[in-house]
Amino acid sequence: MHQLVNHSPRRTLVVVLPFALACAAVVTTYAALRDRLPDPLATHFPASGKADGFSGAGSFVGVAVALLAVQGAVFAVLAHRTSRSLGSLRPLIACAYGESGLLGYAFPATLFANADVPDAADVRFPMWQLAVALACALPAGAVGWLLAGADARSAALPAGEPHRLPLGRGEVASWTRTVTSRVLLAVGLALVGAGAILAFAVSPGSGLPMTIMGVIAVLLSACRVTVDRRGLTVAPPVVRLPRLRVPLGRIEEATSRPVDAFGDFGGWGYRIRAGRSGLVMRSGDALCLRLTTGKEFVVTVDDARTAAALLNTLVDRGAGRPADAS
């Protein structure tokens with residue numbers, strides 16, 4: 001059975017701690033170097049290492065702290081949303097520590113590169129600094145992995161008994177529900193917000209990639225699940241693409257069971273695991289299909305038991321088998 005976990009302050013502290021330390025590093029470095037910095041600062045460097053982008057010192061520090069704070073809040077929400085033990089969040093925590101280690105070095109290093117340079121146009125930031133930033137990210141991620149402790153993930157709940165929905169000869173039926181992932185929606189909105197901050201404080205182009213990723217995440221944060229004579233269809237409710245369809249001929253049997261998004265599938269979105277795959281928008285009730293290939297396909301959606309019962313009836317009808325109402 002799933003292990004229920006008390007959402008103690010320790011869980012939040014472990015996830016938020018590296019971002020708080022990175023923020024402290026940025027603010028402390030700025031306070032120590034403030035009188036030695038040019039205004040504006042050199043904040044963008046191409047492969048040559050010579051500055052080609054500039055911003056005010058206060059704006060740079062404000063954006064850096066805001067980005068770290070937003071990232072820390074997103075990771076804290078992800079950790080809080082799952083009912084799994086802290087150990088099962090090891091990949092998430094390692095990623096949080098690695099990212100904070102990289103940014104916690106890169107932002108102060110940019111301030112140090114500007115120190116004692118009269119004209120920001122003369123500032124250079126050699127590319128080996130990026131290698132050092134990555135070198136900081138790796139041990140930081142390892143620390144996060146160790147702090148998370150042993151993986152206490154429990155086995156997934158077995159699927160429930162298959163049911164059938166009684167349909168008379170010649171009767172047709174369909175079932176549809178929309179499911180929204182609050183996690184993907186929150187991540188998308190956070191990315192859009194961070195991109196807007198970068199575009200305003202640094203340059204319009206600097207925030208564009210993050211904004212595009214955020215918009216895509218928002219558009220894909222919901223999907224409509226439909227069961228009818230064609231089988232199972234899953235598609236975003238707005239753009240309708242990409243569309244995923246599992247025809248009746250590929251379905252052996254349908255059941256339902258609770259699923260933990262991070263504990264059972266390692267995250268949200270389209271997930272692939274050994275012998276199974278699925279569209280995991282959130283934790284909770286899920287429609288589970290045993291395919292003719294022997295693999296399993298899972299979709300998290302409310303009222304999955306009704307969807308499974310209708311699918312079983314339609315599969316039986318397509319195969320010419322009598323449907324047992326149960």
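Visitor: In which sense do β3 and β4 pair, and over how many bridges?

Guide: β3 and β4 pair in the antiparallel sense, over six bridges. The model is a predicted one, in which local features need pLDDT of at least 70, side-chain atom pairs count only at pLDDT 80 or more, and totals for chains, interfaces and linings use all residues. Residues are numbered from 1 along each chain as its sequence is written, and side-chain values use heavy atoms, with hydrogens and water left out.

Visitor: What makes a stretch a helix or a strand here, and how many of each are there in the protein?

Guide: Both are DSSP runs numbered from the N terminus: helices are H or I with at least four residues, strands are E with at least two. The protein has eight helices and 11 strands.

Visitor: Why are β3 and β6 called edge strands?

Guide: The open sheet of four strands has the order β3-β4-β5-β6, with antiparallel pairing. β3 (175-180) and β6 (244-247) each pair on one side only, and they are the edge strands. Within this sheet, neighbouring strands are turned by 10° against each other on average, direction ignored; the axes are lines fitted to C-alpha atoms.

Visitor: What joins β4 to β5?

Guide: A hairpin does, through two residues. Strand β4 (residues 222-228) and strand β5 (residues 231-235) share five antiparallel bridges, and Val 225 has Val 234 in β5 as its bridge partner.

Visitor: How do you know that β4 is mostly covered?

Guide: Buried means under 20% relative accessible area, exposed over 50%, and partly exposed in between, with a 1.4 Å probe and protein chains only. Six of the seven residues of β4 are buried. In the protein, 46% of the 326 residues are buried.

Visitor: What is the strand order of the open sheet of five strands?

Guide: The order is β7-β10-β11-β9-β8, with mixed pairing. Its edge strands are β7 (251-259) and β8 (269-273). Strands β9 (residues 276-280) and β11 (residues 296-300) run parallel and are joined by four bridges; Ser 277 stands opposite Phe 297 in β11.

Visitor: Why do the buried residues of α4 line one face of the helix?

Guide: Buried residues of α4 include Gln 129, Ala 133, Gly 141 and Ala 148. Seen down the axis, the buried residues fall within an arc of 115°, so they line one face; the arc is that of the directions from the helix axis to the C-beta atoms. They pack against α3 (90-114), where contact means heavy atoms within 4.5 Å. Exposed Trp 128, Leu 138 and Leu 146 lie on the face turned away from the buried side.

Visitor: Why is the pair of Phe 60 and Phe 107 called edge-to-face?

Guide: Rings of Phe, Tyr and Trp (its six-membered ring) pair if their centres lie within 6.5 Å; planes under 30 degrees apart count as stacked, over 60 as edge-to-face and the rest as tilted. Here the centres are 5.9 Å apart and the planes stand at 85°, so the pair is edge-to-face. Phe 60 belongs to helix α2 (residues 57-81) and Phe 107 to helix α3, 47 residues apart. Phe 60 is buried at a relative accessible area of 9%, and Phe 107 is buried at 13%.

Note on methods:
Pairing = 2+ DSSP bridges. Axes fitted to C-alpha atoms, helices over the stretch in contact; angles between N-to-C directions.
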